[in-house]
Amino acid sequence: KEAERIIEAANRNHIQVHCFVEEHYPSRLKSLPDAPPILFSKGNLNLNPKRTLGIVGTRKATQYGKNITQKITEELSRFQPTIISGLAYGVDVEAHRAAINQNLPTIGVMGSDLNTIYPSAHKKTAEQMMEKGGLLTEYKLGTEMSPGNFPQRNRIIAGLSDALIVVEAAKKGGALITAEIAYSYNREVFAVPGNLQSKYSEGCNDLIRNMKAGIYMSSKEIVNALSWDLNPGESPAQRVFPDTSLLDPLENK
């Protein structure tokens, strides 16, 4: 009966329910040991897109961080990735807005239920995201918002992302938690190097120093790591050895 009440409330609020055993549940999450058994979404989401890119960072983004976020999205827009982030202040909301500007689908993973847009200042952005993307959460309607919800939701951002880019981050914060989780999930993790005198670059520089993230210099890092530039049906091995005329039959296999 509790399940029936949850589904009924979701239907009244035009919210889709995604159960782990169903086909439309995100396939990227199904292999993870801590995947949420149920997800709730609102908007026009494709939860199993061809390409995804997570972009996260500090809530106190500098103009440099905002510019880099816009540049990343613009450079990769030709690949039509779905941009994943957390709708928080700073880098997160900048990533969603950059995706909207590039007409890319974007998904905001919430630390609250779908009737509680947090922060409320981003309500307009959230509404714009509904047109091509939307919001996703593991919290049913009526769930009380708790600070612990936000670190917990970061695993969904990490799990949905084929690659995760940390744009700016202090030594501690949600972006580093997301990066650590993505690293544990064997996702591609990149960090934008920053000014050694900026505290909002310390986290990124530490990820690079500790070899938990590659250095993000340009969109080529993502394209090469995820083989986004391959033609349909072409394998990475074929790209490495484009001329097979010198190979014997066994090597060609």
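**Notebook: a predicted model, looked up element by element**

I began with N154, which is buried at a relative accessible area of 5%; for burial I use under 20% relative accessible area as buried, over 50% as exposed and partly exposed in between, with a 1.4 Å probe and protein chains only. The model is a predicted one, in which local features need pLDDT of at least 70 and side-chain atom pairs count only at pLDDT 80 or more, while totals for chains, interfaces and linings use all residues. Residues are numbered from 1 along each chain as its sequence is written, and side-chain values use heavy atoms, with hydrogens and water left out.

**Entry: N154 and its surroundings.** I placed N154 in helix α6, taking helices (H or I, at least four residues) and strands (E, at least two) as DSSP runs numbered from the N terminus. Setting aside neighbours within four places in sequence, I found N154 in contact with G174, I177, T178 and I181, where contact means heavy atoms within 4.5 Å.

**Entry: the sheet.** I traced an open sheet of nine strands with mixed pairing, in the order β1-β2-β6-β5-β4-β3-β7-β8-β9; two strands pair if DSSP finds at least two bridges between them. The edges are β1 (16-19) and β9 (214-215), each of which has a single partner strand, so one side of each is left without a neighbour in the sheet. As background, strands of a sheet pair through backbone hydrogen bonds, either parallel or antiparallel.

I then looked up two pairings. Strand β1 runs antiparallel to β2 (residues 38-43) and is joined to it by four bridges, with V17 having F40 as its bridge partner in β2. Strands β3 and β4 run parallel and are joined by three bridges, with T82 in β4 as the bridge partner of T52. Which residues of β4 are buried on its two sides? I noted T82 and I84 on one side and I83 and S85 on the other, so that both faces of β4 are covered.

**Entry: helix α4.** Is α4 largely enclosed or left open? Eight of its 11 residues are buried, so α4 is largely enclosed by the rest of the structure. I listed the buried ones as V91, D92, V93, E94, A95, H96, A98 and A99, and their cover includes β3 (52-56), α3, β4 (82-85), β5 (106-109), α5 (123-129) and α6 (149-160).

For the packing of helix α3 (residues 63-76) on helix α4 (residues 91-101), I noted that the axes come within 9 Å and cross at roughly 35°. The residues that meet are K66, T69, Q70 and T73 from α3 and V91, E94, A95, A98 and A99 from α4. This contact of α3 with α4 divides into four nonpolar, three polar and two charged residues, where Ala, Val, Leu, Ile, Met, Phe, Trp, Tyr, Cys and Pro count as nonpolar, Asp, Glu, Lys and Arg as charged, and the others, Gly among them, as polar.

**Entry: backbone and loops.** Most residues other than glycine have a negative phi, and most peptide bonds are trans. Against that background I looked up L87, in the loop between β4 and α4, which has a positive phi of about 60° although it is not a glycine and is buried with a relative accessible area of 0%. N103, in the loop between α4 and β5, has a positive phi near 60° as well. The peptide bond from Y118 to P119 is cis, with omega near 0°, and P119 sits in the loop between β5 and α5.

H122 is also found in the loop between β5 and α5 and is buried at 3% relative accessible area. Apart from neighbours within four places in sequence, H122 is in contact with L87, A88, Y89, V93, R97 and I117.

Entry: E23, in the loop between β1 and α2 (27-30), counts as exposed at 79% relative accessibility. E23 and N48 lie 25 residues apart in sequence and 9.8 Å apart in space, C-alpha to C-alpha. My search of the whole structure for disulfides found zero, a disulfide being a pair of cysteine sulfur atoms within 2.5 Å. C19 counts as partly exposed at 25% relative accessibility, whereas C204 is buried at 0% relative accessible area.

Methods: Axes are lines fitted to C-alpha atoms, for helices over the stretch in contact, and angles run from 0 to 180 degrees between N-to-C directions.
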